[in-house]
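Here are my notes on the model, as numbered points. Have the structure open while you go through them.

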Amino acid sequence: WGRLSTALESMRRTGIPHELELETVRMDGSHGWMWMRGEAVKDSNNTIVSLRGTAQDVTDRKQTEEALYKSEERFRVAQEISPDGFTILHPERDSTGDIVDFTWVYENEAIGRINQTDPRRVVGKRLLDLFPSHVGTTVYEVYIHVANTGKPQVLQEISVGEILSKPTW
């Protein structure tokens with residue numbers, strides 16, 4: 001109530017609209033969330049004559065956001081402690097839609113050790129800028145296949161030049 005009262009008083013004095021998300025307590029005692037927006041109504045002399053607003057129950061959205069955050073946190077922790085290398089790459093396409101490169105979105109520490117890269121510094125970098133000889137390798141072709149079809153593919157053995165000089169599953 002304090003935040004809402006402060007916003008309403010400020011709007012009454014200044015006429016500047018407000019927008020708030022507030023945690024609420026329902027009649028049954030459960031907690032929820034409301035999104036509220038208010039604005040001042042002015043007369044022809046630009047004098048504030050009233051306030052009007054709207055409110056929307058956004059509890060479901062907030063609960064979904066919280067569940068997503070917890071899920072992402074579990075995913076991040078699992079990936080960070082995993083001994084298996086894990087990378088997320090975003091395909092970069094040319095004007096015809098063909099994949100011409102990949103941009104790093106994420107990599108865990110394990111794949112950083114394999115790639116000899118720093119997971120905090122590769123995000124946003126292009127794969128072929130860091131590893132130009134990747135073009136034409138089986139791994140690169142699989143990246144393209146997966147990006148184009150959305151279907152996973154398992155390689156039993158890979159060797160990709162400057163990154164891995166020995167066969168790796």
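**Notes on strands, rings and a pocket**

1. Valine 41 has serine 50, in β3, as its bridge partner. The two strands here, β2 and β3 (residues 48–57), run antiparallel and are joined by 9 bridges. Strands count as paired if DSSP finds at least two bridges between them; the elements themselves are DSSP runs, numbered from the N terminus, with helices (H or I) of at least four residues and strands (E) of at least two.

2. Before going on, a word on what you're looking at: this is a predicted model, where local features need pLDDT of at least 70 and side-chain atom pairs count only at pLDDT 80 or more, while totals for chains, interfaces and linings use all residues. Residues are numbered from 1 along each chain as its sequence is written, and side-chain values use heavy atoms, with hydrogens and water left out.

3. Have a look at the loop between β2 and β3, where asparagine 46 sits. The hairpin has 5 residues between its strands, and asparagine 46 has a phi near 70°, a positive value in a residue other than glycine. Most residues other than glycine have a negative phi.

4. Glutamine 116 lies in the loop between α3 (109–115) and α4 (119–122) and is exposed, with 73% relative accessibility.

5. On to the β4 and β5 hairpin. Strand β4 (residues 87–93) pairs with β5 in the antiparallel sense over 7 bridges, and threonine 87 has glutamate 107 in β5 as its bridge partner. There are 5 residues between the strands, and glycine 97 in the turn has a positive phi of about 95°. As for β5, 7 of its 9 residues are buried.

6. How many aromatic pairs does a search of the whole structure find? There are 6, counting rings of Phe, Tyr and Trp (its six-membered ring) with centres within 6.5 Å; planes under 30 degrees apart are stacked, over 60 edge-to-face, and the rest tilted. Phenylalanine 102 and tyrosine 140 have ring centres 5.6 Å apart and planes at 90°, so this pair is edge-to-face. Phenylalanine 102 is in strand β5 (residues 99–107) and tyrosine 140 in helix α6 (residues 138–149), so the contact ties together parts 38 residues apart in sequence. Phenylalanine 102 is buried at 2% relative accessible area, and tyrosine 140 is buried at 4%.

7. Phenylalanine 102 also pairs with tyrosine 143: the centres are 5.7 Å apart and the planes at 70°, so this pair is edge-to-face. Tyrosine 143 is partly exposed, at 28% relative accessibility. Elsewhere, Phe75, Phe86 and Tyr106 make up one aromatic cluster.

8. Finally, the second largest pocket. Its lining residues include Trp1, Arg3, Met34 and Met36, and β1 gives the most to the lining, with 4 residues. A pocket here is an open set of points on a 1 Å grid over the protein atoms alone, where a 1.4 Å probe fits, with protein on both sides within 12 Å along at least five of seven lines; lining residues have an atom within 4 Å of a point.

Notes. Buried means under 20% relative accessible area, exposed over 50%, partly exposed in between (1.4 Å probe, protein chains only).
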